[in-house]
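I'll jot down what I look up, in the order I look it up.

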Amino acid sequence: MARSIPYAFCRYEISLFNNPLSREEQFEMLDDLVGRMVAHRKSNPSSADEDTFIMQVKTREILGYHTLSWNVARNLGERQIAQYDIDNDQVIESMIATDEIQYTRIISLPALGVLAIDARVSDSYLGATSAKSRLQSVIKNRNGARINIDFAGNPQDLQRALNNWQLNTFSFTVRPFNPSVTRLGEELHELMRRDHIAKLRGVGTRDENQPMQDSGEGLIAEVGGLVQSGYGQAAASGTTPSGFEANIGSPKFENDRQRNQQQSSKPRQLRVYIEPASTIEEEEEKVVEALLEFFQTSTSTK
């Protein structure tokens, strides 16, 4: 059975000389950049370093919204292989020239300023983080152009997930804290303090007969308060109301309260898992459905 495909959800904006571009202008820019090789993260690049490009830029209407889709790609140039010398019982590693590429699909909803990046990592796929940074290299190669991309999964996104998803797991790391606004927090603090526990990690899993959600009065809410106060970090996985499996990761936990709050404010990856479809068009429709479920607002312009 084919595995579901993880997509990392992001907020984005493409601008030219600091002016945000419309959907039509974004399409024109992306289409004009198709096949243009650029260097990625090279201080003094030569032509040999130009290995990154975009391809297959398309626009279509899905579920009443105009979408853009394209691929970010990397020309490998060469790859490592291993061969076995049976006569000498040795493994020989070498580099060979290749015209293979790695690529990653991106689907955007310009009206909402959001996009989804295929997050698979393999010999064929770049992964979300690499695709994100390589796309930025391609766009900034155009004079005056810039793309800002932030992974979704900020504290507000996490709270929305806790409120709306049927949670499968809720994981957290907290440290002793005082004062706490709840008796649960005070008791937990005192128990940790007595045993000299510097930090506590936990994973909550759902009851098989009941969906797990933030009641506003239990452990999830208490941890949420600790996260806001700089005493903890949290992550969650579950099923969205439309039936998509999804998760939001946890930032790095810091013992220092201020640094922990700074970590909390940084976006972490929100991943939604899409079941494989028989065509790319059908897969795109599922991705757009998931994007709309998480980001759609009544004031958006299609």
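I'm working from a predicted model, where local features need pLDDT of at least 70, side-chain atom pairs count only at pLDDT 80 or more, and totals for chains, interfaces and linings use all residues. Residues are numbered from 1 along each chain as its sequence is written, and side-chain values use heavy atoms, with hydrogens and water left out.

**Entry: rings**

I looked up Tyr 103, which counts as partly exposed because its relative accessibility is 29%. Next I asked how many aromatic pairs the structure holds. I found five, where rings of Phe, Tyr and Trp (its six-membered ring) pair if their centres lie within 6.5 Å, planes under 30 degrees apart being stacked, over 60 edge-to-face and the rest tilted. Tyr 103 and Tyr 125 make a tilted pair, at 5.4 Å centre to centre with 50° between the planes. That pair links distant parts of the chain, 22 residues apart: Tyr 103 is in strand β8 (residues 101–109), and Tyr 125 is in the loop between β9 (114–118) and α2 (128–140). For helices (H or I, at least four residues) and strands (E, at least two) I'm using DSSP runs, numbered from the N terminus.

Arg 120 lies over the face of Tyr 125, 4.0 Å from the ring centre. I count a charge as over a ring if NZ of Lys or CZ of Arg is within 6 Å of the ring centre and within 35 degrees of the ring normal. The charged end of Arg 160 also sits over a ring, that of Phe 294, at 4.9 Å from its centre. Phe 294 belongs to one aromatic cluster with Phe 9, Trp 165 and Phe 295.

**Entry: Ser 137**

I found Ser 137 in helix α2. Is it buried or exposed? Ser 137 counts as buried, because its relative accessibility is 7%. Its side chain makes a polar contact (N or O atoms within 3.5 Å, one able to donate a hydrogen and the other to accept it; residues adjacent in sequence count only if both atoms are side-chain atoms) with the side chain of His 40, at 2.7 Å.

**Entry: Glu 25**

Glu 25 lies in helix α1 (residues 23–33). I noted that it counts as partly exposed, at 37% relative accessibility. The side chain of Glu 25 reaches the backbone nitrogen of Ser 22 at 2.8 Å.

How values were computed: Buried means under 20% relative accessible area, exposed over 50%, partly exposed in between (1.4 Å probe, protein chains only).
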